[in-house]
Amino acid sequence: MTSPASTASTEFVPPQLSAAPRPALGPAADEGLARRLRALACTAPLHDLDVRKANLAGEYTVYAMAEVALAAIDLVTLNMDFDTGADHDQIIARLLPRVAAQAPRRPAAEHERVARWVLENLINVGSVDRGFRAVYGTFGPDGAYIRRDYDFKLVEEVPGHGGTVYLRTTDEAVNVLVGALDTDVTSAQIAAEVKLEVLINRGRLADAQLAAEQARYRTVQYAETLRRTLEATRRNVRAVDWLNAVPDMIDEALDHIADRYRHENAILTNIRKARDEAETGFDPKTAEHKRRAAELVDIVKDCIRRHTQLQSRLLEAGPLFRAEQDRQAFAAPTSTVGLDLYGQLVAPVLPLPVEKARRVTDAFFAHGTGLRTPVSVRLGDLVDILLTPPAEREHLGAEMPEPDLIATPDDSRFSEEQLASAMELLDLEHDAPRRLSGLLAEARRRDPELPYLVALLSIHAASPPVGTAYRQGEQRLLFAVDDGTELDDPEFGGADLIVGTALLDTVSMAAGRTEAV
Amino acid sequence: MSETHAEHTAWSESATPDTGEADRFTAPPAAVTPADAADAARLVAFGLQPKLLPARDAEYAGLLRRYREETAFARLADAVATGLGLVVLEVSTRAGMAVTAGEDSVFAVRMGDYARRTAADSADRFLHGLAHLAVAAMSFPRPEDLADDGYIGRITVNGVDAFVREACRRLEERAEELGENTDPATGTPGLEAAWRIYARRSATGATKDARRLAGSTTGIVGKAVAFLTDSGFLQRTGDDAGGAYRTTARYQLQVRDMAGTAAMAELLELGVVPVTDGTATLVMPSDPEDLELAADAGLPFHS
């Protein structure tokens, strides 16, 4: 029952544009027009659904396809979790009540067919790219009229755990849906928040709900950005700007969460009050208000849950960065410098036109795939193979292949003696803390490698494991504090930490532990 | 740039003994017996089974030892390999007799045999090549990793796909910032920017038999890693995120000595001269005015 492959209308350019004499527009006006044409194109697949429903075998005109499609995009967006997306069948199941409401007398099987048809068309299953294409025209700088292809997707399929396939809405779809075309994320958010406060004061719940939902979209967007950043950090710490960009992003996200907490707790208090106060009356209007208030409470609770989730992820980001930095930056430097595969090959190739880029990838493929021993067929073997009965499957399955074990080389950067030496150096009197610069200088006199270990230990001491020390009843704890003095050292930069030892009150700690138990 | 040239010459130095071998082999007829020739050929035959580890096969290990101890035998084995159209990358206990196919050798892999659609569709051909390049880049993300013999890279299929998509997204963002219109003119598919081809191919898709959609990007990357596993370049370690793999010593040699240089030469021929100074290549320009953040940039959450 599905459907032509190219859903996007190819007759997209309005005739009057090309028929009229060339309008004397600046390039900026033309670009704005192109942007609006593209935004318009994103809605075309939805209109197209209602146009094409007449062609389906059967009487489907009663269904409002565009409405179902928008609801589907809404559902997928709301179900986009941190790691994966929305489940195919789950979306269908949630669409069914709406479809059923449009034509209650029709059989349930038909409702499901409609829901599936809409979802498949949003993915555009029929085309290779599983996307849409619209054609529009622009004037080039030399005044020549060029038709261009605009490729976009609304709902895309992404891989999940265990080979499953999930659905995600694309930015285009979110933009069309939220209606915030071509606006700045941050300013739109501030505007939404101001709007929300006014709305709560006037008691307009429907709008409050919309604003809460928009804030939820922002949270989902922050979560996605954070996930990508952390993945890049695992590959190469230096590839991500942990000096400015990421801390800024994290600060922004934490601010966003803090703000939302305040607003949403305000909503919860206000709405709960409204809900409980509304309980006294019996007229239908009050009942309707009450129902909507309860709905809003649910949404706001979900928002808070998502904000909490994002916040805990944000808090994990710092430790992950430090662990990766330890692994990558404190390893012994290699003597030779290799080829930077990303920087010198992938990055320069991607912007090239595909005709040229192909020559590079072809060369890499030809030399990077290794060898294959050619297969030669003997007729005698072929007969044997064809006549051999199929092997019976063992009940227990195939024999497990012996695992390939390789001994991991001992790649410790520092020896035990160096560690002992560093610990001895850092075994400071509790009333005599020292500056990092002094410690480094002393370490350098003992062993040229030792300053790295001392620096590493001191940086760790900046976030001392107080909880562990408390649980294990340690008597002393190394700590480091930054008082703003800059470190003057030939090998290291940063803050000249004050490193000291804190004495812990073991007796009262033990008492505290027993009380806690 | 200088180091790529250095690498190139280093590679040709190791290759020249093979080519200069013929006259030496014929001129002084040293005491080479047919049994020696058979052993040398046997060693090369072991090298043609890339998944075989010397540690697992006493005969293989014995021949490797002989290669390293007897110069005459080593030259004989090199000559056999060269005669078969093979290039010797390294002979060691960790990588075994690491040989690879020379250009036009019968052992070489051809794109047309690798994936059938590539003959007709230039976009598919590009995507398959890019998948191999991306797997290598992800296996050895830093130049140090490619140079360090002890390094073992770990990749997943979905990770590679996400990595390329991220790079494409950055290019898209940059094009948007510059206000470029990257939509290609209709009817000139060859002029479309390479990243767009990848970006608009879907990452995955549902199929009737729950297998990966072959034309999707994870399908293409999955095919590349499966092929590299068969070549003894990767070893499968798990099923997470579309399949997890780790690299072998042979893969590092192949990428470092063969593929990287070849692709680099092709890129230079196109007039693109990528310049790096060994720092990470994805770094965003840091704002010099915000440098006082350095003190707690590493500890953003302990307040």
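In chain A, 64% of the contacts with a separation of 6 or more are between residues 24 or more positions apart, where a contact means that two C-beta atoms, placed from the backbone, lie within 7 Å. The structure is a predicted model, in which local features need pLDDT of at least 70, side-chain atom pairs count only at pLDDT 80 or more, and totals for chains, interfaces and linings use all residues. Residues are numbered from 1 along each chain as its sequence is written, while chains are lettered from A and ligands numbered from 1 in the order in which they are written.

Chain A holds 18 helices and eight strands; these are DSSP runs numbered from the N terminus (helices H or I, at least four residues; strands E, at least two). Of its 517 residues, 29% count as buried, that is, with 20 or more other C-beta atoms within 10 Å of their own.

Turning to the meeting of the two chains, 98 residues of chain B are in contact with 85 residues of chain A. Helix 7 of chain B (residues 122–139) supplies the largest share of the chain B side, 12 residues. That side divides into 55 nonpolar, 29 polar and 14 charged residues, with Ala, Val, Leu, Ile, Met, Phe, Trp, Tyr, Cys and Pro taken as nonpolar, Asp, Glu, Lys and Arg as charged, and the others, Gly among them, as polar.

Helix 11 of chain A (residues 341–349) is largely enclosed by the rest of the structure, because eight of its nine residues are buried. Among them are L341(A), Y342(A) and V349(A). The cover over these buried residues includes helix 12 of chain A, together with helix 7, helix 8, helix 9, helix 10 and helix 12 of chain B.

Within chain B, helix 9 (residues 157–177) packs against helix 11 (residues 217–230) at an angle of about 125°, with the axes 9 Å apart. V157(B), N158(B), V160(B) and D161(B) of helix 9 meet T217(B), T218(B), V221(B), G222(B) and V225(B) of helix 11.

Helix 11 of chain B has 10 of its 14 residues buried, so it too is largely enclosed by the rest of the structure. The buried residues include I220(B), A224(B), F227(B) and L228(B). After helix 11 of chain B comes G232(B), with a positive phi near 75°.

Methods:
Axes fitted to C-alpha atoms, helices over the stretch in contact; angles between N-to-C directions. Buried ≥ 20, exposed ≤ 12 C-beta atoms within 10 Å, placed from the backbone.
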